[in-house]
Amino acid sequence: MDEVGKYDVVLLSLAQQMEGGVPQLLDVLFGFLSRKTDFYTGADIMKAREMVLTAFDKHSESAKQAAEEAKKRRAEEQKRLEERRAAQKAKEEAEMNEPRIREITDEEAEELEKTKNGSMKTSSTAEDNNKNKDTEDGEEEEDPEDKGKLKPNSGNGCNLEKYQWTQTLSEIEVRIPLKVGFLLKAKDVIVEFSKEKLKVGLKGHEPIINGSLRAAIKVESATWVLEDRKVVVLTFEKMNNMEWWNRLMTTDPEINTKKVQPENSKLSDLDGETRQMVEKMMYDQRQKELGLPTSEEKKKRDILKTFMEQHPEMDFSQAKFS
């Protein structure tokens with residue numbers, strides 16, 4: 001934590017105790033300088049004023065920059081999400097428009113005729129196998145342990161009745177709309193972070209969020225802003241930045257993290273082994289959605305195919321894939 005940030009807990013505690021909010025905090029601060037120091041009398045009064053304005057300009061610039069960066073980051077994430085949706089849609093349309101029938105050559109027709117009689121006797125068995133496979137694939141769409149879990153929203157989090165949260169591997173963003181009939185000020189809002197707990201609400205009202213987080217967070221980097229004076233936006237880092245949260249609060253409904261869609265642009269941030277694992281999960285998920293074999297299933301089929309080619313004398317008409 002930097003030299004300035006180490007006082008945040010004390011100052012935040014003071015600000016939350018003051019009904020007058022920031023104006024009262026400033027009044028108390030300058031009253032302290034007047035009563036307990038020579039801030040006003042130790043030098044020229046204009047120099048004291050200049051010190052205040054210098055500090056104000058310094059931090060107003062950094063606050064403005066941080067807000068602009070956060071806004072830019074949200075815009076970039078939304079753009080990536082829209083691009084990913086458009087690419088997926090284009091891919092699906094291209095697959096649907098691919099020709100399903102093609103003209104075969106005379107050689108292929110002759111080969112087909114040779115194998116036709118042999119294939120007819122195994123067609124019944126093949127149909128049974130296909131039925132069994134379809135049943136297995138249908139069951140694989142949702143594991144029993146995932147029954148009842150919610151599908152993640154477009155930000156890999158969850159849209160709940162009173163708030164929405166999204167996540168990357170390392171960060172969480174929570175958006176809490178405050179439904180009141182007037183524009184709010186920061187002093188009207190209560191936000192309390194701790195390593196494993198979170199409390200958010202309006203002063204004088206029951207908290208909207210108040211309880212234990214799914215896992216530990218880095219309190220020193222946690223921030224919040226009042227967006228458009230009606231939506232509280234929280235941002236904080238996970239202590240373990242290599243896992244997907246299945247819920248924000250321990251009392252929230254659980255999402256199915258197997259259906260999380262990581263941003264491709266973030267894969268480069270991962271180490272080799274983790275990236276390989278994430279890419280494999282993404283590939284298998286896409287294959288299941290398209291009704292195609294996963295990487296493990298393809299591996300088994302390739303092994304069996306190689307074995308069949310090495311042993312042409314053996315009859316594999318009754319072979320099943322599992």
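Val10 lies in helix 1 (residues 8-17); helices are DSSP runs of H or I with at least four residues, strands are runs of E with at least two, and both are numbered from the N terminus. The model is predicted: local features need pLDDT of at least 70, side-chain atom pairs count only at pLDDT 80 or more, and totals for chains, interfaces and linings use all residues. Residues are numbered from 1 along each chain as its sequence is written, and side-chain values use heavy atoms, with hydrogens and water left out.

Val10 has a relative accessible area of 52% and is therefore exposed (over 50%; buried is under 20%, partly exposed in between; 1.4 Å probe, protein chains only). With Tyr7, Leu11 and Leu14, Val10 forms a nonpolar patch on the surface. Together these residues have about 370 Å² of accessible area (Shrake-Rupley method, 1.4 Å probe, only the protein chains shown counting as cover).

The largest nonpolar core holds 25 residues. Such a core joins buried Ala, Val, Leu, Ile, Met, Phe, Trp, Tyr and Cys residues through side-chain atoms within 4.5 Å. Trp165, Val174, Ile176, Leu234, Phe236, Trp245 and Leu248 touch the most other members. Strand 3 (171-177), strand 4 (189-193), strand 5 (197-202), strand 7 and strand 8 (231-238) each supply at least two core residues.

Val219 sits in strand 7 (residues 217-227). Its relative accessibility is 33%, so Val219 is partly exposed. Beyond neighbours within four places in sequence, Val219 contacts Phe193, Ser194 and Lys195 (heavy atoms within 4.5 Å).

Notes:
Patch = residues over 30% accessible without salt bridge, like charges linked within 9 Å, V, L, I, M, F, W, Y side chains within 5 Å. Salt bridge = Lys/Arg side-chain N within 4 Å of Asp/Glu carboxyl O.
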